[in-house]
Amino acid sequence: MKSKLLAVGGTVAIAAAALTGCSAGETSATECTNKIVNADATQVSVWAWYPAFEEVVDLFNESHDDVQICWTNAGQGNDEYTKFSTALEAGSGAPDVIMLESEVLSSFSIRDGLVDLTEFGANDVAGDYTEGAWKDVSSGDAVYAIPVDGGPMGMLYRQDILDEYGIRAPTTWDEFAAAAQALKDAGAPGVLADFPTNGRAYNQALFAQAGSVPFEYDNANPTEIGIDVNDEGSKKVNAYWNDLVEKGLVATDDAFTADYNTKLVDGSYAIYVAAAWGPGYLGGLSDADSDAVWRAAPVPQWDPANPVQINWGGSTFAVTSQAKDKEAAAVVAKEVFGTEEAWKIGIEKAALFPLWKPILESDYFRDLEYPFFGGQQINKDVFLDAAAGYTGFTFSPFQNYAYDQLTEQLYAMVQGEKDSDAALDDLQASLEKYAGEQGFTLK
Amino acid sequence: MTTQTTAGPPPVATRRTSAPRSPGSRLERRRQRWGWLFVSPFLAVFALFLVFPLFYAFGMSLFTSTLATGTKFTGIENYVKAFSDPLFLEGLLRVAAFAIVMIPAQLIVALAAALVLDSLTSWLSKLSRLLIFVPYAIPVVIGALMWSFLYSPKFGPSATIFTAVGLPTPDFLASDTVFGSLVNIVTWQWSGYYMVVIYAALRSIDPSIYEAARIDGANGWQTATRIKLPMISSSMVMVITFALIGTLQFFTEPVVLRNIAQGAIDAAYTPNMYAYSLAFSYSQFNYASAIAFSLGALVFAGSYLFLFLTRKQSGLK
């Protein structure tokens, strides 16, 4: 009897031990995706999803004796943000340094998830970044992240399709509408462009180009917020696109789905109003039509005499409040993409658009020829001006919710349930209600 | 005809007298100890991963945490807010509509298939049973992903099929058709499972009853509706209860389909999706817990009501 008890007890103990072995502990050296060069140095855990990032990490680890990066890819975009949000709520599990798009910085800084980097020498590197980029990572006097790449916007178009129907690449939005009509009249199988209702930051950027400043928020006064999403500029842009949708001149497919990717490359859309990471995205899609001739041009303007540059996306590195050694983490955030070599990898292998001035303003970047565009120097022609002219943007601390609401309203609009002005008015009302529920005072 | 075929509870051991005593003999206690030892691993996991989080989540639902002002204790305010939240109520109506449409659809398919297969005896019956059951063996997410490709205007066969017949291709992911598309996916996946359960129940009926029915002059249809159905009613009640609980908690298929139909399926399409979005997209964990518990309470009430209404058929009296 006693031996039977021992046997069963032993089995239970082994099973319990095996189960605890499955639990996820803190990041140990064996859990990094990259190799640690210097085992005695302070290890800083990093979450990032850049393509070809392992090479950049290796570069950093080999050149730094006192700090080593331990990198894992914790998911792209919202997948990573969900994990970070849960880790913040739980009080542990967040990395030391995290890659965040600038639009979600205030959502995490309001939950005390990010460290103000001004006390760790952020202002020393402020001069290395464009004004717009630095504004995106700052809130008042505080700096919550170091900019990495940006998404200045331009217009990528299929030269072969436009030539086939005798249409010139538009430079203003009026010309864009005329070109859309001409394409349809000529009986083309595709449309000029897509207007995705789930474009989120893309739609917001289009509104911003007409002067929309939807949110006024400063982390120094975290309980106050200004919301103005139904201003004249936004209404003008929204009415313009709704008009194109109603006439059947643009598609309304959801962006970033498999269907959308196929249509981007098979000529169903002649124009792709894109960010600087658009070329990388296009090039990465399989079944790219080898006969397609893509070119880049500046984004269409409302007033050609006063061009307004806009930005879509772009990421940063922030130091989280759960970092064990904040000083070392700040060093990583500042220096991982702070060398020319790192940026050569980022530009050539990851198709990133640098916001780091030494490489942004270099001859190498300006004269870079992109074979995808038939050797066109798209930075010189389009994206450098777009980046230089970008003046920054303020996002709300509940940007995810705001984008979901925007998608809902735009969808109702293109389904014909409401007109373009009503869509924006309803958006304003719902955002004001939500802000009130969350305890904000509306400015 | 009211032949009872279900067996009653086994006769109680004669050693016990009227009231059960606490185990007195050493043998009893030792047996109890072994029992507890065998159950303890499961109990540990159950307590750690189910009971404790439940209590923790309930505790969380009693607090409110706003983005601007932090966390404070608010008692049942979250629940009041949940039951007056138009998004939650809309979601509830929607899953109720799903239940009203989907459960009969699944049951009719499952019942018809089970009745037909019960009457067949050839190898065709075995093959058909397997084929109808196979969709259930596919993981839910993968099934939904497959269907999302089938529904896609570019990748799916719908464009080819409809143009071949000469009809305009319907958009399966528009806001008015996505309901039907989801019903289709769930019916395809779950009818097989219910069919197997109903078939097993049918198989347990004593065949001599069918002979008696034939002698009395009942044809196939009358046998099916007047004899088979009432005799498997307890299994039917069980099947409907599971279907009800599952449908009220509808989550996986809309979430997977949402990736390609972000306009038609919004973040609060069903109450479970609403709780998920609140927690993981908007970081409102406390209110999300309240929504989840409210939904749980409603599912419990709904199932209890249904079992009460069908207590005669289910044999639970």
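Two residues are in contact if their C-beta atoms, placed from the backbone, lie within 7 Å. This is a predicted model, in which local features need pLDDT of at least 70 and side-chain atom pairs count only at pLDDT 80 or more, while totals for chains, interfaces and linings use all residues. Residues are numbered from 1 along each chain as its sequence is written, and chains are lettered from A in the order in which they are written.

Chain A has an average pLDDT of 88, with 93% of the residues scoring at least 70. Confidence in chain A is lowest in helix 1, with a mean of 57, and highest in strand 3 (residues 97-101), at 95. Helices (H or I, at least four residues) and strands (E, at least two) are DSSP runs, numbered from the N terminus.

Chain B holds 14 helices and 2 strands. Its radius of gyration, taken over C-alpha atoms, is 25 Å, well over the 20 Å that the globule rule (2.2 Å times the number of residues to the power 0.38) gives for 317 residues, so chain B is more spread out than a compact globule. The C-alpha trace of chain B spans about 70 × 70 × 35 Å along its principal axes. Of the 317 residues of chain B, 29% are buried; a residue is buried if 20 or more other C-beta atoms lie within 10 Å of its own, exposed if 12 or fewer, and partly exposed in between, with C-beta atoms placed from the backbone. I138(B), in the loop between helix 4 (123-137) and helix 5 (140-151) of chain B, is partly exposed because 13 other C-beta atoms lie within 10 Å.

The contact between the chains takes 29 residues from chain A and 24 residues from chain B. On the side of chain A that touches chain B, helix 17 of chain A supplies the largest share, 6 residues.

Not counting residues up to four places away in sequence, V332(A) touches V44(A), V46(A), V67(A), I69(A) and V97(A).

Key
pLDDT is the predictor's confidence in each residue, from 0 to 100.
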